[in-house]
Amino acid sequence: MNIEENLSTVSSSLPEEVVLVAVSKKKPNSDIMKAYDAGHRVFGENRVQELIEKYEELPKDIQWHVIGQLQRNKVKYIAPFVSLIHSVDTVKLLNMIEAQGEKCDRVIDCLLQIHIAEEDTKSGFTPAEVKELLSGGTLNSLPHVNIIGLMGMASYTEDQNQISEEFQSLKSIFDQYPDLGVLSMGMSGDYSLAIEEGSNMVRVGSLIFGERN
Ligand SMILES: *Cc1c(COP(=O)(O)O)cnc(C)c1O
């Protein structure tokens, strides 16, 4: 497994405007440092405990993204340093991010996770809920939350058409809100499809760091 080579292969396959989040969950610091030394700075983690340990041990100019389901009682641990939370899936969580952002005097960038897959196991807002959130007054009372885009995960399936359709449905929601800049969709198995459908941020783990146990 040559991490530098994998990183360079994935990076060079992306259009210039697409941000690569290297998903380093379950991988050791030494692996992250290989990507770091090759110049990469944006990493994604899905477990708070693991993220805090890595944050403390690794260089401070890393931009840490939270990509997995986030429990409200854990927001306080990441609020001081997190760069972007992709996985905001409830208003209660937004309220907690507001409270913790205020405590550490930060405005925290967030994406709203949208439910696009057929599977019920994946969480996220419905299009109607997004509309209410972004067009209603809710955000006015959340000055420490900055919603900069949307995130979604396609179904775990071999059916490329289904995946593309799910990405299209997310893109069409995204297009209704011209103020949003970030559309986070695509993982190792489907990031090319995601980019075809308009993604500008991909979250790639196993293609860079190898399979996880
Ligand atoms: C693990 C994970 C990824 C990366 O998955 P790979 O298939 O290893 O690229 C991307 N997004 C989320 C939300 C994840 O949990």
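1. The largest pocket of this predicted model holds about 960 Å³ of space. A pocket here is an open set of points on a 1 Å grid over the protein atoms alone, where a 1.4 Å probe fits and protein lies on both sides within 12 Å along at least five of seven lines; its volume is the space filled by probe spheres set on the points, which are joined across faces, edges and corners.

2. The lining of the largest pocket, meaning residues with an atom within 4 Å of a point, comprises 32 residues, and Lys-25, Met-153, Tyr-156, Met-187 and Arg-212 lie nearest the centre. By class, 9 of the lining residues are nonpolar, 13 polar and 10 charged, where Ala, Val, Leu, Ile, Met, Phe, Trp, Tyr, Cys and Pro count as nonpolar, Asp, Glu, Lys and Arg as charged, and the others, Gly among them, as polar. At least two lining residues come from each of α7 (160-174) and β8 (201-204); helices (H or I, at least four residues) and strands (E, at least two) are DSSP runs numbered from the N terminus.

3. On the values themselves, residues are numbered from 1 along each chain as its sequence is written, and side-chain values use heavy atoms, with hydrogens and water left out. Because the model is predicted, local features need pLDDT of at least 70 and side-chain atom pairs count only at pLDDT 80 or more, whereas totals for chains, interfaces and linings use all residues.

4. The structure contains 5 salt bridges, each a side-chain nitrogen of Lys or Arg within 4 Å of a carboxyl oxygen of Asp or Glu. One of them joins Asp-61 to Arg-41, with the closest N and O atoms 3.1 Å apart. Asp-61 sits in the loop between α3 (48-57) and β3 (63-66) and Arg-41 in the loop between α2 (29-37) and β2 (42-45), so this pair ties together parts 20 residues apart in sequence. Asp-61 is partly exposed at 39% relative accessible area, and Arg-41 is partly exposed at 25%; buried means under 20%, exposed over 50%, and partly exposed in between (1.4 Å probe, protein chains only).

5. A network of salt bridges links Glu-45, Arg-47, Glu-50 and Lys-54.
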